[in-house]
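Trainee: I am new to this one, and I would like to learn how to read its features. Could you walk me through them?

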Amino acid sequence: MGSDVIQGLMMVMDPLVILFILIGVFIGIIFGSIPGLTATMAIVMFLPLTYTMTPLQGVSTLVALYVGGISGGLISAILLNIPGTPSSIATCFDGRPMAMKGQAGKALGVGVVFSFCGTILGLLVLVLVAPLLASLAIKFGPYEYCTLALLALSLVISLTGRDLVKGLISGLLGVMLATVGLAPIDSAKRFTFGMTELNAGFALLTLLIGLFAITEVIKAAEDVRNPVKAEIESNVKIKGFGFTWKEFIEQKWNMVRSSIIGIVIGILPGIGGAISGMLSYTTAKNQSKHPEKFGTGIADGVVASETANNAGIGGAMIPMLTLGIPGDAATAMLLGGLMVHQIAPGPLIFDKNGPEVFGIFFALGLSAIAILFIELFGIKVFIRVLKVPKYLLMPIIIILCIIGAFGNANRIFDVWCVLIFGVLGYVLLKAKIPHVPMILGFILGPIFELNFRRAFQHAQFEPMGFFSHPIAIFFFVFTIVVVIYSLIRQRKEAKSILVSDEE
């Protein structure tokens, strides 16, 4: 084991490997920060370029693209209210309001530093407890995934704000949109109306770009003549990291809790960083002494989201390396890269490719360090985006969104979907219906449906099978507790608002 660690370190210390890591991180940040160009797309595009590299050079480059792409999403989320990647959805909630208050530099600094912390904590767990956590994840079956999705869907109540009905309407719309296309298991066509393009359903990327990017462009068109807003956005100052050491210490428990959530969600195949970010954000809000400040522009929300989605990198790599099971689309591409370079994931990977595996761990750590410095030194450049006139910036955003939507599956149909979802998002905005529950419903709806149908099939052969799954029982009971707690808290908030209005 010790010799493998030393060999892996020596392999990564090759100047050429370090150069490829720096290049990969830089390109990954660009892909992550441009709406529609995700970390997965960066890996897909650059995978063929690694064929002629040595195994560690190629895999290190892909890992750097992955880490850079996940972290880069915070830039557009904070500056433009457009999540560059699905993992950065929750970063918009407080990151953008901070930018609107003239704290864009602080928001970016907080996001970058805690992205680094989340990546390092995820790496430590990956190195220390990968086999144990992977063996736990493999025990998750239909019952566990079904109840986990149900638990995550219950978060809709916490994300609805003061109007529970409008939040539930939004969540239901998301679930309805997710049912379009071929049904899981039996592949029955649903709501396709004879259009072959709808057989594959709507892509998450098109919904995100439409609801956040196009809606933001339409909204900006309304505010283009608002001089007060323009003055707030251009009044940006930053010193050092943008926040103090005291503020960093105050976030330590938020960071640890969010890292744990990100790692656990990352380990579970098919869940993804978007869920871990929102779950971490909701948990931070529920545990906070001032939950009413969330969504108004506080660092706690940015810390929760960015720590969780970056900690999920290490979590997602655990089943990929030890079981050969990718945790998300990006790690599926990484899995292909490993196989191309003759590194076979599985329980024997440490025996057969020990030096390469520890080399990957060191490459992940170097990528995190590279991101920290590249993004921190680039903050003053990034915040200049806020000073670009809206009439110049918004057309560029629309073009990038169209390119991102088309590049997702090379279909003009997705471009039309982006525009339609943009109009839908604007209508919901005017009706004061939140977008976030819709995204949550769209992501979790298929996961819940697929595993509910599988669990139902199991129940036909084993009616009492649910009670033999303690993890599923725990999730189900915890869901009930979360729903009751959220309803009681919302009722208390409504009463306090009513009392204050009467006074």
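Mentor: Gladly. Let us begin with handedness: a crossing is right-handed if the near helix is turned clockwise from the far one by less than a right angle, and left-handed if anticlockwise. Keep in mind that this is a predicted model. In it, the crossing of H4 and H15 is right-handed.

Trainee: Which residues of H4 and H15 make the contact?

Mentor: From H4 come Val63, Tyr66, Val67, Ile70, Ser71 and Leu74, and from H15 come Glu306, Asn309, Asn310, Ile313, Ala316 and Met317. Sorted by class, the contact of H4 with H15 holds 8 nonpolar, 3 polar and 1 charged residues.

Trainee: At what angle do the axes of H4 and H15 cross?

Mentor: Helix H4 covers residues 55-80 and helix H15 covers residues 299-322; their axes come within 9 Å and cross at roughly 160°. Angles over 145 degrees count as roughly antiparallel, so H4 is roughly antiparallel to H15.

Trainee: And how does H5 cross H15, left-handed or right-handed?

Mentor: H5 passes H15 in a left-handed crossing. The axes of helix H5 (residues 91-100) and H15 come within 8 Å, crossing at roughly 135°. That angle makes H5 oblique to H15. On the H5 side, Thr91, Asp94, Gly95 and Met98 take part, and they meet Ala299, Gly301, Val302, Ser305, Glu306 and Asn309 in H15. By class, the contact of H5 with H15 divides into 3 nonpolar, 5 polar and 2 charged residues. Glu306 and Asn309 are listed here, and they are listed in the contact of H4 with H15 too.

Trainee: Let us turn to charges. How many salt bridges does the structure hold?

Mentor: The general idea is that side chains of opposite charge can pair when their charged atoms come close. This structure holds 4 salt bridges. One of them joins the side chains of Lys106 and Glu247, at 2.8 Å from N to O. That pair links distant parts of the chain, with Lys106 in helix H6 (residues 104-137) and Glu247 in helix H12 (residues 245-250), 141 residues apart. Glu247 counts as partly exposed because its relative accessibility is 26%.

Trainee: Can we look at one residue and its surroundings? Is Ile29 buried or exposed?

Mentor: Ile29 counts as buried because its relative accessibility is 6%, and buried means under 20%. Ile29 lies in helix H2 (residues 15-33). Setting aside neighbours within four places in sequence, Ile29 is in contact with Gly68, Gly69, Gly72, Ile75, Ile371, Ile374 and Glu375. Glu375 is 346 residues from Ile29 along the chain, yet their C-alpha atoms are separated by 8.4 Å.

Trainee: What is the phi of Gln342?

Mentor: Gln342 has a positive phi of about 65°, although it is not a glycine. You will find Gln342 in the loop between helix H16 (329-340) and helix H17 (349-352). Gln342 is exposed, with a relative accessible area of 66%. Phe191 has a positive phi as well, near 55°, and it is not a glycine either. Phe191 is placed in the loop between S2 and helix H10 (204-223).

Trainee: To step back, how many helices and strands are there in the protein?

Mentor: The protein has 22 helices and 2 strands. Of its 503 residues, 55% count as buried. Among contacts with a separation of 6 or more, 79% are between residues 24 or more positions apart.

Methods. Residues are numbered from 1 along each chain as its sequence is written. This is a predicted model: local features need pLDDT of at least 70, side-chain atom pairs count only at pLDDT 80 or more; totals for chains, interfaces and linings use all residues. Side-chain values use heavy atoms; hydrogens and water are left out. Helices (H or I, at least four residues) and strands (E, at least two) are DSSP runs, numbered from the N terminus. Buried means under 20% relative accessible area, exposed over 50%, partly exposed in between (1.4 Å probe, protein chains only). Axes are lines fitted to C-alpha atoms, for helices over the stretch in contact, and angles run from 0 to 180 degrees between N-to-C directions. Angles under 35 degrees count as roughly parallel, over 145 as roughly antiparallel, 65 to 115 as roughly perpendicular and the rest as oblique. Contact means heavy atoms within 4.5 Å. Ala, Val, Leu, Ile, Met, Phe, Trp, Tyr, Cys and Pro count as nonpolar, Asp, Glu, Lys and Arg as charged, and the others, Gly among them, as polar.
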